[in-house]
Each structure stands twice: as structure tokens, then as C-alpha cells.
Amino acid sequence: MAESRKTDSVGTEGGAEGGARPSASLSARAREAVRQRIVDRRYAQGARLVEREVAEELGMSRVPVREALRALVAEGLLELLPHSGVRVRRLERTDVEHLYEVWEPLAVQASRLAARAAAGDPEGLAALESTLRQAEQAAAEDAGAREVAAHTAFHEGVVALSGNPLLARTMEQLSWQLQLLFGMREEPAHMRAQHADMFRHIALGDAEAAAASTLLHVRDSRTVALRSLFGDTAL
């Protein structure tokens, strides 16, 4: 996924709030804008989001924003408050563990399928390699947000290269939670090197080596995340 920075205004909605239901695209734009603010941590974990204030910030009416907030509750980035409203969900240890339990087998299978498909998709392979260069450049420039976006793009590129639309739809549900997690933990250099290993095996069409290198990477990622977020040392 290419870096998806947005400006603070995502446009204004025409017509009165009491009029027709907002278009799906308008609600989708509101959802994308709020998502990005959560991932950027402009909306901090645990922060209460007030529908009216978010609508004013985005330059939109409250109806599409309300729909966007509901959708983000379903995605797991927001949670309902006991009486009314929503807040940014705090990532607890169990949340991180559950995320890795689901991501690990999907990531491994995506790499296996991508290696089998790579020879027939040189453009997809080139796009995947480009994300590695973007991550290295961002790391060299100490541009954390761009590095997170590039790492997320790498994993999404592997899924795209797999050629399995069901896998892609399943991974899409995890993508923003993973990007949020990647932005909160450290990113050791050896994990960037693991991406390069994964790419090399995929490019060579070695499905089982690609799967094994991905398994190592995801398990290392889990260890780093738990250490960074919760201070775990005995992992």
C-alpha cells in the first residue's frame, strides 16, 4: 500500500443534512480519513470521538461521519462507549495476540501462493520489490510513517501477487489493524532484511522457502510487538 497521507479536509457534502442518504463514496471518504487519523495516532488510543467535532474537522455533514464511525467499530478500530459515542480502541495484549494468531497462517499461505504465481506476474513482482526500496529509503531518512506504510504495502503486495481474491478480501479486514500495530512498535533492521529474504524466495518461485521465511518474520514481528508495547522480555 502506497503511503496514504490525507489532507485535513476531505471535501464538503452538498445538500441539507436531512436530505437524501449520503453516497457510499462520501461515507467511504469519511471512513478513510478517520482511519488514517487513527493509524497516524492523531486520534490517540482511548480518545473519545465526537461525531459533530469529527464532521467539522473533515468539512462534512454528520450523516456520512456517523456511518463511517459505525463501520470503523465493525472493523475493530473504534469501540462503542457504554452510553453513547465511540472511542479509539486501545490495543491490549490479547488483541495483539489474537491478531497475530489470525495473520500468521494467512501471511504464510500468501507467500506460498505468491511464489507459485510470481513467474506469471512480472509487474506484480516489480511492484513488490519497489516497496522494499521505499522502506529502505524511509528508514534511511528516519521517516517512520513512510516506513510503516511501505512495510504494510509489502505485505499487501504479497497478498495481491498470490492471485487469490478470497485471501485478499480476508486480509483487507486486518490491514488497518496491522498498520496501526506496525506504527506503534519498533522496526529492527533485521526485520527489513527478512522482507528481502521473503521477496527473494518469492521471486525464485520457491514456495516452501517463501512460506518458511514468512513464518519466521511474522513470529519475530509478534515478539517485537509484545516487547515494544508491553515490555515482554521472556518470549
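Helix α4 (residues 93-117) and helix α9 (residues 207-230) pack at an angle of about 160°, and their axes lie 8 Å apart. That angle makes α4 roughly antiparallel to α9, a term used for angles over 145 degrees. Here an axis is a line fitted to C-alpha atoms, for helices over the stretch in contact, and the angle, from 0 to 180 degrees, is taken between N-to-C directions. The helices themselves are DSSP runs (H or I, at least four residues), just as strands are runs of E with at least two, and both are numbered from the N terminus. Sorted by class, the contact of α4 with α9 holds 15 nonpolar, three polar and eight charged residues.

Before we go on, please keep in mind that this is a predicted model, in which local features need pLDDT of at least 70, side-chain atom pairs count only at pLDDT 80 or more, and totals for chains, interfaces and linings use all residues. Residues are numbered from 1 along each chain as its sequence is written, and side-chain values use heavy atoms, with hydrogens and water left out.

Now let us turn to helix α5 (residues 122-140). Its 19 residues reach 27 Å from the first C-alpha to the last, close to the 27 Å expected at 1.5 Å a residue; the expected span is 1.5 Å times one less than the number of residues. The buried residues of α5 are L125, L128, T131, L132, A135 and A138, where buried means under 20% relative accessible area, exposed over 50% and partly exposed in between, with a 1.4 Å probe and protein chains only. Seen down the axis of α5, these buried residues fall within an arc of 145°, so they line one face of the helix. The arc is that of the directions from the helix axis to the C-beta atoms. On the other side of α5, P122, E123, R133 and A140 are exposed.

Q134 also belongs to α5, and with a relative accessible area of 35% Q134 is partly exposed. Between the C-alpha atoms of Q134 and A153 there are 9.6 Å in space, although the two are 19 residues apart in sequence.

D142 has a phi near 55°, a positive value in a residue other than glycine, and at 71% relative accessibility D142 counts as exposed.

Helix α2 (residues 51-58) is our next stop, with E51, V54, A55 and L58 as its buried residues. They cover an arc of only 100° around the axis, which puts them on the same side of α2. Just after α2, G59 takes a positive phi of about 70°. E51 also leads us to R62, eleven residues away along the chain, with 6.5 Å separating their C-alpha atoms. R62 has its place in helix α3 (residues 62-75) and is partly exposed, at a relative accessible area of 35%.

Finally, look at R41, in the loop between α1 (24-39) and β1 (48-49). R41 has a positive phi of about 70° although it is not a glycine, and its relative accessible area of 47% makes R41 partly exposed.

Technical notes. Angles under 35 degrees count as roughly parallel, over 145 as roughly antiparallel, 65 to 115 as roughly perpendicular and the rest as oblique. Ala, Val, Leu, Ile, Met, Phe, Trp, Tyr, Cys and Pro count as nonpolar, Asp, Glu, Lys and Arg as charged, and the others, Gly among them, as polar.
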